[in-house]
4 protein chains.
Amino acid sequence: MLTLSCPDRTGIVARIAGFLAEAGGWIVEAAYHADAEGNWFFTRQVVRADSLPFDVDELRARFAEVAAEFGGEATWQVTDTGERKKAVLLVTKEPHCLHDLLGRVSAGELPVRLEAVIGNHDGLEDIVRAHGVEFHHVPFPAPGTPDREAAKTAAFAEVRKLVDVHEPDAIVLARFMQILPAELCTAWAGRAINIHHSFLPSFAGARPYHQAHARGVKLIGATCHYVTADLDAGPIIEQDVIRVDHGDTVADMVRRGRDAERLVLARGLRWHLEDRVLVHGNKTVVFH
Amino acid sequence: MLTLSCPDRTGIVARIAGFLAEAGGWIVEAAYHADAEGNWFFTRQVVRADSLPFDVDELRARFAEVAAEFGGEATWQVTDTGERKKAVLLVTKEPHCLHDLLGRVSAGELPVRLEAVIGNHDGLEDIVRAHGVEFHHVPFPAPGTPDREAAKTAAFAEVRKLVDVHEPDAIVLARFMQILPAELCTAWAGRAINIHHSFLPSFAGARPYHQAHARGVKLIGATCHYVTADLDAGPIIEQDVIRVDHGDTVADMVRRGRDAERLVLARGLRWHLEDRVLVHGNKTVVFH
Amino acid sequence: MLTLSCPDRTGIVARIAGFLAEAGGWIVEAAYHADAEGNWFFTRQVVRADSLPFDVDELRARFAEVAAEFGGEATWQVTDTGERKKAVLLVTKEPHCLHDLLGRVSAGELPVRLEAVIGNHDGLEDIVRAHGVEFHHVPFPAPGTPDREAAKTAAFAEVRKLVDVHEPDAIVLARFMQILPAELCTAWAGRAINIHHSFLPSFAGARPYHQAHARGVKLIGATCHYVTADLDAGPIIEQDVIRVDHGDTVADMVRRGRDAERLVLARGLRWHLEDRVLVHGNKTVVFH
Amino acid sequence: MLTLSCPDRTGIVARIAGFLAEAGGWIVEAAYHADAEGNWFFTRQVVRADSLPFDVDELRARFAEVAAEFGGEATWQVTDTGERKKAVLLVTKEPHCLHDLLGRVSAGELPVRLEAVIGNHDGLEDIVRAHGVEFHHVPFPAPGTPDREAAKTAAFAEVRKLVDVHEPDAIVLARFMQILPAELCTAWAGRAINIHHSFLPSFAGARPYHQAHARGVKLIGATCHYVTADLDAGPIIEQDVIRVDHGDTVADMVRRGRDAERLVLARGLRWHLEDRVLVHGNKTVVFH
């Protein structure tokens, strides 16, 4: 699986296709996007490994030379779909996204190895262990705790250690409800994925369903996005909405919105794991 | 057709149902909503006129006595679905909502008599007249015109005169693109309906598709709402969304978003004309 | 919670509302439907128990007298939402609906007590037990087994015994993939709920995703319905669809369709448990 | 704009991309699909004309040589997006799809020149002429007419003559409600587009909304497909659905379904006109 983004110019498609054809590579999927405004080019190609006369490392080495022709701003990667990617989940008390992801992994629906779940409460420990996944409880200081900031910093340091040991391809904030410190946003850039329970940019921040109810909107939503230092403002991977009406209380919205959260997070995570998401500036190209 | 909203208490349903049953009224549709937080009660009932031993005026007179029991805050109306409601449309250059509404009226899909269309450009005059509807051209001053504010005030006064002569039940801003002055918002409160080309509260104000494109959202939308003095912040009647992706330019969004605008406005207008929309504070109850 | 369906005539709403008002009953939700073609009336009302001067049994006894006035064809029930309903799930190997329902029950999202899960394979036993629910393995004879019909009859008799001991309000075929014998359809009429992986009536029977792929449809779907002796032809409770395109193989459809199956079954089951579904002939009235 | 479908093998992408790159062609859009089961390859590429050193005819001539390498089964075309395609509409009394398409053409939304509208009733003549489009009335014999078949044959011959004179790229049955004779299906193969008012394959044939109402489905739909000699069984271009409930009568479904019909036909027609639809067997590849 090969992805590339670089400044656009003529001949890129031909160069890559020619490179692959010369090696006998059988292209199973190929997607291209040229952003006319930003003059940027994006591609994702899936090549059958057994059609190539060399292995993935050799492909990577050879493609590096091709990519060099596209300039210093080009970013690319070649990954082996035979190697399962790794994910770590961060959770708090809300169980629905966790249950959903555990179910999907257990059903073989998501191409991922779940390395660990880290919770700032311990209520979800049993179900995680029942799925054969390790669980770590890292308590966070409650509001009003003395030296709360220091305790929080320590807790995040502990979380970071527990996450980084796995070198995960995805760190999923499955309704984690804690704002990541800037240095974690940087360290996990392009790998930390959040699910926000509103149709962003509407209702960023706290209690989005309360905000939606107060405004009287007729649809509520969920947004899966990469985490950046700007709260709820990172590149959007996927969004969806659910119809509500005047009869829905905030509690109804909370319950019904979970279906959007589950699906949007599962779809966004799948696309991230399949290298379908290319970030450029604050936007994403998602090749379906 | 009878609608009522009033402070909630026990026995309202029984009182109304009893009143109608006593008169032999055959209830074809009945919908209720009790807003537990606001402690407010809403109902809409459709009664077969031929099941009553008296006419609509007499029903109105008798129901006034019943409604009086529900307190001074109660608002209600009794309308005769046999009398077609009246609408006036305000347009500028964008033709898609106008074409759509003309087509629906012509196909007998909307329960309304289209009295007039008023445009601040004259490009849509021919098609309006081809549908047998009167058209008035009221030019608005371009940016940079000397004494623009005064000219605008005069233009709005002219629009108001042309609208008010019809005593319309609905004044539809079918992509009118001019901000109504506060006194018109007041004069037409509960009757002026706007279509905004975003999923409010996201992207209020000017050029919402540009805003949506810049943010990289994965769904664009449209919102039909009552006009109030707060720009794009009135009670929402209906909303819907359309999926977009990284390949959609602003021009694509403008084109594709029209389908949401057409449908959302047509649905919102229909519900308004059928007395399905009850406004309470800044929110609506919409009985489907 | 009170539901009633009976031949339509004037005064039913008034009679029920009057009955409840007289007892001081506070109506929290009230929905009505009059089927003009079939001349049938349906209602569902939710009354606050603490607003009544008597208990649910007494309400039931008193309402029986009211209902008797509506004729011998009237069907009604009064249930206590304080008493949790009971469900039994039937499963085979496909885990996604089971995982989803277990997750929802565990998250407190579904108003139900899960009494037991019965599987004709044992692969899902561990996860069921991890959720604290009993699991029974009842093997079914494979195709080609000698005396297969007799073995199947015996297996169904065992399933029936394991189900009926719980007197469940819902028997959920969560991708059970075995056709219920006619006598079980009768015994469980109005309680057995199936999820079929197509948008019925398209693609009834076996391998609906294969059928959908062969026909080249652009949307796939799922249908939640009551089980009757006619395969996949019982009253439909809920349906939904998911967009597919030419790039989706049968395997992709199977995977992606699961999201429709999960949601449609969860919604249909919820509505059934909340007494929102009234069956009349081969159709349902679903009060949202 | 270049489309090609042919048996799949390695190197096709490279060959085409190389051919275009050699000529300096700037690829604006490129989409590929390899159907693994059928071992067939499909592509659509949009190249900026001003990036090529020759004109469209020369491109066509040169590409013919390339395409010849892909075998005798390959089908391809090179079209000039600067040349507006031509369409003829067939209608009967139902006006909604006609109004919608006239509105879209008039608003510049559809890349097409509307050559003529042919109706078997004359009720829509005025609105067609108001849009500056020619209208032909070809009456069809009513049921019970003596020699009905002969009269029908004559009427179809007249329709064919009126259509063929324009050599249209699209013949749109915008709710035409007459079954095309087999020889017209053949003559217009791949150009005749129908809108059927159900979610096919459910409810093919007559009165689909009546069928849907009788079955009690919770979604109704519309399907845009190429016309073949098998009634309502041609390759599907686009489908969509609308939610209905127990309160919707057949008349409500007819009215509400029109929104699906309008949108599905408009989308299907647009994609056809933009050469996004490649037919293979009884299925379509639609490049968005």
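Predicted model: local features only at pLDDT ≥ 70, side-chain atom pairs only at ≥ 80, totals over all residues.
Residues are numbered from 1 along each chain as its sequence is written, and chains are lettered from A in the order in which they are written. Local features need pLDDT of at least 70 and side-chain atom pairs count only at pLDDT 80 or more, while totals for chains, interfaces and linings use all residues; side-chain values use heavy atoms, with hydrogens and water left out.

The contact between chains B and A, where contact means heavy atoms within 4.5 Å, takes 33 residues from chain B and 33 residues from chain A. Together the two chains bury about 2,900 Å², 53% of it on carbon and sulfur atoms, buried area being the accessible area (1.4 Å probe) that two parts lose on being put together, summed over both. On the side of chain B, B:Arg215, B:Lys218 and B:His246 supply 25% of the area buried against chain A, more than any other three residues.

Four salt bridges cross this interface, each defined as a side-chain nitrogen of Lys or Arg within 4 Å of a carboxyl oxygen of Asp or Glu. One of them joins the side chains of A:Arg243 and B:Glu238 at 3.0 Å, N to O. The elements of chain B that give two or more residues to the side touching chain A are α7 (208-215), β11 (236-243) and β13 (283-286), and β11(B) gives the most, with seven residues; helices (H or I, at least four residues) and strands (E, at least two) are DSSP runs, numbered from the N terminus.

A rotation of 180° with 0.0 Å of shift along its axis superposes chain B on chain A with an RMSD of 0.0 Å, which is the relation of a two-fold axis. The superposition is by least squares on the C-alpha atoms of residues with pLDDT of at least 70 in both copies. In chain B, the C-alpha nearest the axis is that of B:Ser202, 2.5 Å from it. Because 100% of the interface residues of chain B are also interface residues in chain A, the copies meet through the same surface.

The other interface takes 17 residues from chain D and 17 residues from chain B, and buries about 1,500 Å², of which carbon and sulfur atoms give 53%. In chain D, the residues that lose the most area to chain B are D:His99, D:Glu109 and D:Arg255, together 29% of what that side buries. Six salt bridges are counted between these chains, including one between the side chains of D:Glu109 and B:Arg258 (3.4 Å, N to O).
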